[in-house]
Amino acid sequence: MKIKLYKFFSFLSSSKFAMIISAVILILAVAGSLIPKVDESTFSSKQVSDIVFALGLDNIYTSVIFISLIVLFALNLILCTLKLIIFDINKLSDISNINFKEHGRVAIKHAEVISFLEVCKFDIKQEGDVITASKNSFGKYTVIIIHTGILIILLGALIGYIFGFKGYINILEGSSDNVAVLSTGEFVPLGFDIKVNRFDVKYYDNTTRPSAFVSDLTITKESSVVDNKSNDNQSFNYILNVNSPLEYEGIYIYQHSYGFYLNKKDAKFLFDVEIDNISKKYEVRYGESFKIKDNLFGKITDFAPALAVSDDGKFSTMSDEMVNPAILLEAYTMEGEPVVRSWLLSKQKASGDFTEDYGFKMTFDKLYGVQYTGLSIKKDPGTAVVYLGFLIISIALILTYLINYTIIFIHLTKDEETGEMIFYKVFKQRRFGRSVPAQMFYKLIDKDEKDI
Amino acid sequence: MNDQIFLQLSGFIYLLAMVFYMSSAIFKSTKIGYFATTLSVIGVVLGLCAFVIRIVLLYKVSGSMLDSIPIANLYESLQFFALLLMVIYLVFEFATKIKVLGIFSTCVAGILIILISSINAPADVKPLIPVLQSNWLIAHVLLSFIAYVFFTLSAIAAIFYFILVSKGRQDPKYSLWVTTVSILVTLLLSLIIHLLFKQMIFISICIVLFIVIFTSLFYYGNNIPFYFSAFSKDINKLDRYIYNFTVLGFIIFTIGGLIFGAIWAENSWGRYWSWDPKETWAFITWLVYAFYLHARLYKRFDRSAVNAIAILGFIVTIFTFLGVNLLLSGLHSYGSN
C-alpha cells in the first residue's frame, strides 16, 4: 500500500505528469479558441446537447474538466517545487554521492586552486580533502520563486472565483440603479447607488470613429437605518472613461458598452439659446413649444442621429450612431406665422446662427435620455494576490538569467606521476552574464568550457 | 507624404539584401557580405522613415504623441514587426559578426511587408479607439513584438542548426529543415507572384510550388551545409544563440506580453484573464517555450529535439501574432483591420 502511494505521489510530482497535463490543457485551450460559441440550437439531438452542456463544453475554460486540469497542474507544480527545494537544500551540496573519478581531473597545485577560489570570492567549505566552493547562491532559489509566483497567481484566481463576482448594469441616462446582474442571472446589491447624469460617445472630427465613451456618474452611499436618521448620505461625482475604472468600497466599475433605449416620452433635447451674448439653457421635449424671445417661439419637430451635409447642401444620414445629432427647429411668431425651418447640427455650430435675421443663436447639445451606459461591475479580492504573483515572477525571471549560481566540488589528491592534482565536478546554471564563475574556473585549469 | 512608398521600398531592399546574404555564403565572400549588410541598413533606414511619417500622420489626427505610435492595427503591426526584426538582427550581426542569419531575417521581413499588400491591410491613418488609449499600449505591444522577434531569430538559428547537424537524406533532421525552408520559400514566392500579377494564388499552385521546392531542396540540399561551414566547427555556439534568443524572448514575452497585457486587461475590461483567443494563443506560445526551457534540462531530450521545439514555437508565435487576428475574432480584434 505504502509503495503504491509512494509511486502515485512520485508520478504526480514527475515531469512526465507535468508534460501530460500541460499537453491536455494545451489541446483543450486550442479547441476552446477554435470552436465557435455554441448554444442549444447548435445540436440536432437533445441528448448530444445535454452531454455537451453537462460537461460544460459550451465554454471549455469554465468547464469542470478544464478547471480540474488546472487544479492537477497546480498540484504537480506544488510537488515539483517542493522537490526542487529539497534538492537545492539537501542534495545539491551533498558530497557523499559524488564519485569524483567519473568527473574531470587536472594536475594543479592545491594552493593555487584554493587561492584562486579565495580571490574569486567563492564561499568555501572544506571537509577533509574535499572542497565545496559555491558562488551566487541566491541563484539556486530563483526558479523556485518563479514557480511559487505561478502558484500565487492561481491562488489569487481561486480567491476571486470564491469571493468575487462579475456583473453588469445598464443604466439609462438620467436614471439610477444599485443592483448588478451576474452572468448567471443572479442579482447582487451593490450597497450604493449609481446615477448616470450623462452619457456621451465622442467621435473624432468628421468620422464615425469613436474617440471616447464617457459616463458622468454620481455615486451615493445608501444610508443604513441608523444613518438615515442623521441623514448622512455620502455622495460624489465621477467621470468614468474606458481604461480608468472607478473603485468604490472594493467594487470596481468599468465603462463597458452602451446602447439606445428610444422612449419619446422622457427624451429631452438639450440646447442653448444665446441672445445679445446672454446664454440660456433649455430642456425641451419633442414637439413641445418654447419661447425663444419676445414674439418668437420654437418647436423641435424632427431628429437625426448623424446628419451630414454634402457640398451642394443636401442632407444625408451617415450612421445610426449619434455621430452628429441634429434637430429640425421650427420657429414661428405669436400669430403662428412660420419664420424659420432649419436643421441644427450639433457639430456645425453655424447651422443655428440666426443672429443677423432674428437676433438669436441656438446651439444644439444632445438628445438626452435615450442612451444607456453599460457598466461592468466587479469585485475581486484576489486581484492583489494575482498582482503579487506577477511581481514575483517578473523579478525572479530576470534574476534567474542574471545570477549564475555555480558550485564546484574539488577533491584534492595526489598522483605519483604528476604530483598534486584535483578531481573536480562543476554544477552551474545555464545563464547569461559576462562574469560566469565556472568560466573563470575553466580558465584556471586551462580547459575550454563545455556547454551543458 | 506617403509612408507606404518607403515601406514597399524597404521590403524590396530587404529581399535584395537576402540575395546578397545568400551569395556571400555561397561564394564565401566578405565583400558581398558587407554589401548585404549595407543594403539591410538602408532598408532599416527606409523602414524607419515610413515609421516616422506614420507617427506624424497619426499625430495630426490624434493630437497626442503617446497615442501616435503606429502599432494599433494590422498594417502598422506588420510594418513595425519587420522593422523591429531587422533592427534587432542588425544589432546581433554587428555584435557577433555572424551574417548567415541575415538570409532568413531579411526573408521574413520581406514576407511581412509583401503580406501587407497581399491581404489588403488597410493603410488608412486612423486615431485610436477608446480602449487602446492607454499607456499600456506601448509597453504591452512593443514588448510583445520584441519577444516575437527574438522567437523568430531563435527559429532562424534553429534552422541553421538543423542544416548543419543533419546527416543525409535519411535523417529526420534533414527533412525538418528542408520542410521549414521550403515553407518559407513557397510563402515568399507565392506572395511575390500575387504581388506581380495581382491575382489570387490558388492553394493548388502553392502546393505545387511547395512540392517543387521541397523536392529540389531535398535532392540538392546535401551540399548546403558546406556553405555554412564557418559555423560547423562550433555547433554549440549556434545552439547557445538559439537558447539565448529564446530565453530573452521568453522573459520579455512573460513580462510584456502576458503580465502587462493582464494588467491592462484588468484596467480596461475588468478581467486580467478572459481566455480570449489572443490570450489563449499567447498562453499556448508561453507553454511551448516553457517546455523548451524545461526540456533542455532533461537528458531524455537531445539537443535536436529541443531545438525542434524552437521551430514549433515560432509557428505558434506566428499564429498568435497573425493567425488569431486573421482567422479568429475576439477582444483583440482591432488588430485584424
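**A:Cys120**

I began with A:Cys120, which touches A:Lys135 and A:Met440 once neighbours within four places in sequence are set aside. The model I am reading is a predicted one. I found A:Cys120 in the loop between helix 5 (110-119) and strand 2 (123-127) of chain A. Its relative accessible area is 14%, so A:Cys120 is buried. I then looked up A:Pro437. It sits 317 residues from A:Cys120 in sequence, yet the C-alpha atoms are 8.0 Å apart in space.

**Positive phi**

Next I looked for positive phi outside glycine. A:Asn277 has phi near 65°. I placed A:Asn277 in the loop between strand 11 (268-275) and strand 12 (278-284) of chain A. Is A:Asn277 buried or exposed? Its relative accessibility is 70%, so A:Asn277 counts as exposed.

B:Lys28 lies in the loop between helix 1 and helix 2 (30-62) of chain B. With a relative accessible area of 47%, B:Lys28 is partly exposed.

**Helix 1 and helix 4 of chain B**

I turned to helix packing. Two packed helices are described by the angle and the distance between their axes. In chain B, helix 1 (residues 3-26) and helix 4 (residues 101-118) have axes that come within 8 Å and cross at roughly 155°. An angle over 145 degrees counts as roughly antiparallel, so helix 1 of chain B is roughly antiparallel to helix 4 of chain B. The crossing of these two helices is left-handed. I listed some of the residues that make the contact. Helix 1 of chain B brings, among them, B:Ser10, B:Tyr14, B:Met18 and B:Tyr21, and helix 4 of chain B brings residues including B:Ile103, B:Cys107, B:Ile113 and B:Ile116.

I stayed with B:Ser10, which is in helix 1 of chain B. Its relative accessibility is 1%, so B:Ser10 counts as buried. Which residues does B:Ser10 contact, leaving aside neighbours within four places in sequence? They are B:Gly43, B:Leu46, B:Gly47 and B:Ile113.

**Helix 9 of chain A and helix 10 of chain B**

I then checked a pair that joins two chains. The axes of helix 9 (residues 383-402) of chain A and helix 10 (residues 235-268) of chain B come within 11 Å and cross at roughly 165°. These helices are therefore roughly antiparallel to each other. Helix 9 of chain A passes helix 10 of chain B in a left-handed crossing. Residues in the contact include A:Tyr387, A:Phe390 and A:Leu397 of helix 9 of chain A, and B:Phe250, B:Ile255 and B:Glu266 of helix 10 of chain B. The contact of helix 9 of chain A with helix 10 of chain B has 14 nonpolar, 3 polar and 1 charged residues.

**Nonpolar cores**

Last, I looked up the cores. The largest nonpolar core has 178 residues. Which of them touch the most other members? They are A:Leu190, A:Ile194, A:Ile253, A:Ile377, B:Leu101 and B:Phe160. Helix 5 (residues 136-165) of chain B gives the most to this core, with 21 residues. I followed A:Ile377. Not counting residues up to four places away in sequence, A:Ile377 touches residues including A:Phe165, A:Leu190, A:Ile194 and A:Ile253. Another core, of 22 residues, lies apart from the largest one and includes A:Leu296, A:Ile327, A:Phe354 and A:Met362.

Definitions and conventions: Residues are numbered from 1 along each chain as its sequence is written. Chains are lettered from A and ligands numbered from 1 in the order in which they are written. This is a predicted model: local features need pLDDT of at least 70, side-chain atom pairs count only at pLDDT 80 or more; totals for chains, interfaces and linings use all residues. Side-chain values use heavy atoms; hydrogens and water are left out. Axes are lines fitted to C-alpha atoms, for helices over the stretch in contact, and angles run from 0 to 180 degrees between N-to-C directions. Helices (H or I, at least four residues) and strands (E, at least two) are DSSP runs, numbered from the N terminus. Angles under 35 degrees count as roughly parallel, over 145 as roughly antiparallel, 65 to 115 as roughly perpendicular and the rest as oblique. A crossing is left-handed if the near helix is turned anticlockwise from the far one by less than a right angle, and right-handed if clockwise. Contact means heavy atoms within 4.5 Å. A nonpolar core is a set of buried Ala, Val, Leu, Ile, Met, Phe, Trp, Tyr and Cys residues joined through side-chain atoms within 4.5 Å. Buried means under 20% relative accessible area, exposed over 50%, partly exposed in between (1.4 Å probe, protein chains only). Ala, Val, Leu, Ile, Met, Phe, Trp, Tyr, Cys and Pro count as nonpolar, Asp, Glu, Lys and Arg as charged, and the others, Gly among them, as polar.
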